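Please open the structure in a viewer and keep the selection panel at hand. The tour goes from one selection to the next and says what is found at each stop.

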Amino acid sequence: MEDNLLLQVNNISVVYSDVIQVLKGVSLVIRKGQIVSLLGSNGAGKTTTLKAISGLLKPENGKVTEGSIEYEGKGIHNSSPETITRLGIIQVLEGRQPFKYLTVEENLRVGTATRWGKPYKKDLEMVYHYFQPLVARKNRLAGYCSGGELQMLVMGRALMAHPKLLLLDEPSLGLAPFLVREIFQIVKRINEEQKTTIMLVEQNANMALLIAHYGYVMENGKIVMEEAAGNLRENPDVKEFYLGTAASGALKSYKDVKAYKRRKRWL
Amino acid sequence: MEFFLQLLIQGLSVGFLYALAALGFVMIFKSSSVLNFAHGELLAIGAFIFLAFSVWLKLPIYLSFLLTLVGTFAMGFVIERLFLRPLIGEALIEVIMLTVGLAAMFKGLLLVIFGGNLFNYPDFLPAGLTIKWGAINIPPVYVASFIIGIIFLSIFGFFFKYSSQGIYMRSVADNQPAALSLGVHVRRVFAMSWAIAALVCAISGIILGIMNGINVHDISVLGLKVFPVVILGGLESIGGAIIGGLIIGILETFTGGYVSTSLKEVIPYIVLVFILLVKPYGLFGLVEIERV
Amino acid sequence: MRKLKLHPCGKFNEQYEEELTIFSTDFGRLWMWVGIVLLFAVVPFISSHYHLYVINHIGIAAIAAIGLNILIGYTGQISLGHGAFFGVGAYAAAILATRVGFPFWLSVISAGVITALVGVVFGLPSVRLKHLYLTIATLAGQFILQYLFVSWESLTKGPEGIMLPRASLLGFDIKGDRTFYYVIFVCFVILTWVAVNLIRTRFGRAFIAIRDNDRAAEGMGIPIFKYKLLSFAISSFYAGFAGGLAAYYIGSITPEPYTLMLSVEYIAMIIIGGLGSIPGAVFGAIFITVLNEILSQSTQFFMNIEGLAKIALTIAPLREFVFGLAIVFFIIFEPKGLAEVWRIIRSGFRLWPFSY
């Protein structure tokens, strides 16, 4: 086994409420210090994969029924979120979930829950260093912050936990393109400077592949493609289905048929 | 003038009683957003456990006080584990109705075990606590309750505002999934908040017992009086609970003194309706933030 | 003649009209008629006086519970004042009958209308309040009304209460349990029919929309305040109507029964029966009334045995305990209530022996 392996998902299937099967054999590997991005259309099972890793399936009545998830060589599938977060896996939920009635700084302090009792002043400074705009909002209720600030807040909150593996679920959701670029730059910097391994789930495949080292593509609860991010960006199919830059504008009707067939081969 | 002062003192002391009763309620609400209709019964349980230890088993006062605290603390855990935990994430009405059901259960049990009579504790507070100030004479119970109230207020105020555990508790009430994702031990927070609340209730219940004697019916009525108090003060605010309690207490005694004794019982609720119409989140409550 | 639908193998609606039908099969419709025939032609003749008395109380409770289910189960506004509204109906009927000399039918209907108005007044806080704040406001309403029953002596005669005149309808004296049985259950059938159909109309849909997401409902152009008040009015009408019937049936009223405990009983009925289900409200009314009756009978039973009277006195509060236990039990184990149990049993029979 390679020693730079951080997390290994082995052929897991996830079932909600004992009946709805969402993941049908997903395998992926995350290496230390990398940014791995997971792409796919809506309902492909990306978020479920993240939740399977972070243990948040349980409160939603979901379960890993087959396969295993190994983190630093230990099986963590179906463990409780309390255990998993204490191992250093922190998920940033989709759709920005701040604590509305807590101030920005109190929100950040909740991030210390996994290592309660340890000093956190330095970490606050670190977070404010990455997310400058938060400084001015320090003592304001999070419920009154803007979308961009909130995204920074929830990411900063996760950083407070000193994650070894940070699971980011759609950080670009509903943000202006300019802000998206900024957020992604920060993600990249965090990865480089804090040596945090990051798993990034995104709709904005273009941006995600720009900063990622490795990429996976999901469809219908399965991984259908995996490659280094650079190669993935060059792949004509990915280009067409996820990056929205088709090879040729001409011969549209013919291309549609071909695209349909190509897509069919995938699924 | 003397009558006025007398009413004022009486009102303040009744108000303090309400404030004490409201503290545990605010605790539970703040950390788990549960509106506890079984609150009066929790007070009563604390008071009766103390009664059982101190009067029936004739244990020394301090030992029985300690045992009561331990007992109610454990009971809070058990209540949460048995009844509240299965409902984590369920709709509001079900949780409310569950506490209503619990209230009926506890009240029934207390009545079966202790009956509906009025019980009194032996007089054990030091007489030195009496404060004399001209014509005004404040008995030791009130002084003691005042001191305990202030201690509670400062401990819990500090706890929720500055301590990490307090902030985790508030985060759970605010957004459960997010708290889970950050590794906050949500189940432990719930259990702790019920345990602490039961303990606070026990202390308040004992003080109430010293002031008025204990009777299951009276205390459960008092449990409902908590609602006007916390609505006036704001559901999440501990300071608000104290001020709300004092205002309601004074209002009640003055209505009783100057207007009519039967109106006294409902005046808090009439005030409650007006407060809700004018200032739905109370004096110090959090204004609901809704992002659509 | 259209084709009869007898045995569905699933719900496969092809048109919106089908979604709106009350009975998905003609089999169901048939059962309803069988039920009505049993209700009116068989039950009153095979039941003893005591049983009829209990059944009458069930009918009255069911009417009020259906009303409360419209408010809580369909509109999502939790009210803790239903017991007081029931009392308002009882007092309105009694006062109209004794002071104004209204005949039976008119005073019961007016009782409903007056209670509806009172309900609207206490529903007014719902302009600004939601969820638990509204619940607390209705709790205040309960106490204020309770206070009025006792203290507005010029109107309510305070704790002494009011005796009602004998009810009469169309020149017939209504006396005895059996005659009242017919009156109560005709009202019950009509009001149930109204409630079932109300839910199918735009009003019902608006109620459900408000329950599920009031902001979205408002965004869709539903005037939510108007509909919330309407829901309060309808629900209180049911309570008041039932209260009026109860006042005539019992013959005299005092302020004691209309306490918070009664409100809790009604909420218990709809939770145990099933929130947002009309049959559920009826099941709940049956369950709670029978439970109450069994509990008080068993206390009576012990009271009459020499030497056990003392035990009986001490276990009397067990009634409250069992009551709370029933609520807690249902909320934890079957939050959808008896209506769901009934559905499961029924489909179990229908699908037997192949359970899928």
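Two residues are in contact if their C-beta atoms, placed from the backbone, lie within 7 Å. By that rule, residues 24 or more positions apart account for 69% of the contacts in chain A with a separation of 6 or more.

This is a predicted model: local features need pLDDT of at least 70, side-chain atom pairs count only at pLDDT 80 or more, and totals for chains, interfaces and linings use all residues. Residues are numbered from 1 along each chain as its sequence is written, while chains are lettered from A and ligands numbered from 1 in the order in which they are written.

**Stop 1: chain A**

Select chain A, which has 11 helices and 10 strands. Helices (H or I, at least four residues) and strands (E, at least two) are DSSP runs, numbered from the N terminus. Of the 267 residues in chain A, 46% are buried. A residue is buried if 20 or more other C-beta atoms lie within 10 Å of its own, exposed if 12 or fewer, and partly exposed in between, with C-beta atoms placed from the backbone.

**Stop 2: the sheet of 4 strands**

Stay in chain A and colour the open sheet with the order β2-β1-β4-β5, where the pairing is antiparallel. Two strands pair if DSSP finds at least two bridges between them. β2 (20-31) and β5 (74-75) of chain A are the edge strands, each pairing on one side only. Next select β4 (residues 62-71) of chain A, which is joined to β5(A) in the antiparallel sense over 2 bridges. Y71(A) has K74(A) in β5(A) as its bridge partner.

**Stop 3: the sheet of 6 strands**

Now colour the open sheet β6-β7-β8-β3-β9-β10 of chain A, whose 6 strands have mixed pairing. Its edge strands, pairing on one side only, are β6 (89-92) and β10 (222-228) of chain A. From one strand to the next, the twist averages 15°. Angles run from 0 to 180 degrees between N-to-C directions, and axes are lines fitted to C-alpha atoms, for helices over the stretch in contact.

β3(A) runs parallel to β8(A), with 5 bridges joining them, and S37(A) stands opposite L200(A) in β8(A). β3(A) also pairs with β9(A) in the parallel sense over 5 bridges; here L39(A) stands opposite V217(A). Strand β7 (residues 165-169) of chain A runs parallel to β8 (residues 197-202) of chain A, again with 5 bridges, and L168(A) stands opposite L200(A).

**Stop 4: the nonpolar core**

Keep L200(A) selected and show the chains together. A nonpolar core is a set of buried Ala, Val, Leu, Ile, Met, Phe, Trp, Tyr and Cys residues joined through C-beta atoms within 7 Å. The largest has 282 residues, and L200(A), A22(B), I63(C), A64(C) and A65(C) have the most contacts inside it. Helix α8 (residues 186-212) of chain B gives the most to this core, with 18 residues.

Centre the view on A22(B). Not counting residues up to four places away in sequence, A22(B) touches V226(B), V229(B), V230(B), A241(B), G244(B) and G245(B).

**Stop 5: chain B against chain C**

What do chains B and C bring to their contact? 36 residues of chain C are in contact with 34 residues of chain B. On the chain C side, α6 (131-151), α12 (260-273), α14 (309-315) and α15 (318-333) each supply at least two residues, and α6(C) gives the most, 12 residues.

Select helix α11 (residues 263-278) of chain B with α6(C): their axes come within 9 Å and cross at roughly 140°. Among the residues making this contact are Y269(B) and V273(B) of α11(B) and A140(C) and F143(C) of α6(C).

**Stop 6: P257(C)**

Finally, select P257(C), in the loop between β4 (252-253) and α12 of chain C. P257(C) is partly exposed, because 16 other C-beta atoms lie within 10 Å. The C-alpha atom of P257(C) is separated by 8.0 Å from that of G87(C), 170 residues apart along the chain.
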